[in-house]
Amino acid sequence: MTGALMLEQNLLHHWIERARAGDSSAFERLMLLHEKMVLRTAQRLLLNTEDAKDAAQEVFLKLYKNLGRFRDDGDLAPWLYRMTVNVCFDSKRKVKAAIPIDCAPDSHDAAPDPEKTLRAAEQRRLVFSAIERLPERERAAVVLRDIEGCTTAEAAAILGSSEETVRSQISTARAKIRKFVAERLSKASGGSK
Amino acid sequence: MIHPREEQLALYSTGDLDPDALERIAAHLDECLRCRECADQFYQLQQVLATPAAEPDAKDLQNVRRRVMENLPRGVERRWRFEWAIALAALIALVIFLNRSLHSPAPLPVVPAQPVAAALLAQLPSSPIAIKELAMPRRASPRAPGLGSIALVARPDREPLIKIATTDPKIVILLTPSSPNEERTESNE
Ligand SMILES: [Zn+2]
């Protein structure tokens with residue numbers, strides 16, 4: 001374990017303990033550490049920032065009520081992912097309308113070649129509109145495995161299913177996304193010729 | 001030529017297959033242009049997905065944080081503070097009670113309306129049993145860290161009683177000042 005990671009783990013442990021004892025500022029620290037992860041995942045799952053904010057709020061309130069359950073600090077992030085997926089897929093919070101959320105890459109990574117940038121941006125837009133069309137469980141598997149970078153085993157643990165199921169979901173989902181993007185890109189390039 | 005299924009090529013792009021399948025597909029891709037193009041598209045897809053998207057808006061994050069902090073259930077914290085305050089008050093009352101019963105054994109001749117309970121408490125003998133009885137409810141119920149209230153129950157034709165309520169509604173201690181050996185713990189169950 002690196003020094004920085006050690007420090008982070010120790011701090012995490014410290015804040016969980018303090019928050020558990022009723023220190024709300026320690027709880028706020030825990031939120032600051034994990035809020036991006038929770039809101040980002042909720043946005044990917046719900047495709048709508050306002051609903052994602054509501055879901056993130058619910059996730060953190062549930063975290064506060066369940067602080068007592070964390071024996072190991074390493075349990076926190078998987079628990080938050082699991083709770084985010086559960087809250088987002090709660091029957092009451094069905095995707096209302098696919099209001100496009102910002103799926104542009106970090107502006108720092110912009111390539112210098114404008115044509116290349118434009119093509120990459122179009123490809124990215126198509127990938128994310130394909131993700132929006134996926135059924136819930138497939139979308140969750142892709143968001144966790146391919147966007148959030150969890151391993152297949154981690155994604156399976158978060159989703160409460162087997163690795164085999166997750167593998168099947170991501171392979172089906174990737175195939176659908178590839179097909180969707182390839183069809184539209186070939187149509188676009190055919191039209192421009 | 002048997003081509004691998006598209007789903008297998010999708011898993012191949014992240015190595016999510018057993019070693020035999022990975023080797024078989026690698027060998028096939030060396031020979032098959034069509035599958036190689038498909039596999040390349042899955043690689044590109046992985047690159048797009050792995051490129052970090054813009055993080056959530058700072059204003060949105062702040063908004064969520066504020067809403068959560070405003071809605072934190074503070075009841076738990078407050079209730080415990082309240083119960084500990086009661087326990088502390090009960091402890092102080094116990095110390096005063098002990099002090100009085102040790103240092104003022106003589107009954108007070110005339111007592112005004114308000115300090116009747118205190119005077120009756122003062123009349124109690126300094127029996128260690130009475131003190132044990134007072135401490136008992138705390139052990140009986142781990143959720144009850146102290147005493148609730150002390151009240152004098154005056155009845156016209158019978159002797160007055162000192163009623164000590166604990167934070168556990170099931171446990172009430174009744175003391176009769178004139179007969180010190182008859183303290184009893186009443187259960188409301
Ligand atoms: Zn082939």
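**Chatting through salt bridges and a zinc site**

User: Where do I start: what do the side chains of A:K176 and A:E138 do?
Analyst: They meet in a salt bridge, 2.9 Å from N to O. A:K176 lies in helix α8 of chain A and A:E138 in helix α6 of chain A, so the pair ties together parts that are 38 residues apart in sequence. Keep in mind that this is a predicted model.

User: Is A:E138 buried or exposed?
Analyst: A:E138 counts as buried, at 13% relative accessibility. A:K176 counts as partly exposed, at 38%.

User: And which residue does A:E50 pair with?
Analyst: A:E50 forms a salt bridge with A:K53, with the closest N and O atoms 3.3 Å apart. Both lie in helix α3 of chain A, three residues apart, about one turn of the helix.

User: Switching topic: what are the protein donors of the zinc ion?
Analyst: They are B:H3 (ND1), B:H28 (NE2), B:C32 (SG) and B:C35 (SG), lying 2.0 to 2.3 Å from the zinc ion.

User: What geometry does the site have?
Analyst: The site is tetrahedral, with angles of 104 to 114 degrees among its four donor atoms.

User: Which residues are buried in α3(B)?
Analyst: The buried ones include B:C35, B:C38 and B:F42. The helix itself covers residues 33-50 of chain B.

Notes
Residues numbered from 1 in each chain as written. Chains lettered and ligands numbered in written order. Predicted model: local features only at pLDDT ≥ 70, side-chain atom pairs only at ≥ 80, totals over all residues. Heavy atoms only, no water. Donors = N, O, S within 2.8 Å, 3.2 Å for Na, K, Ca; no water. Tetrahedral: all angles 85-135°; square planar, octahedral: opposite > 155°, others 65-115°. Helix = DSSP H or I, 4+ residues; strand = E, 2+ residues; numbered from the N terminus. Expected span 1.5 Å × (residues − 1). Buried < 20%, exposed > 50% of the residue type's maximum accessible area, 1.4 Å probe, protein only. Salt bridge = Lys/Arg side-chain N within 4 Å of Asp/Glu carboxyl O.
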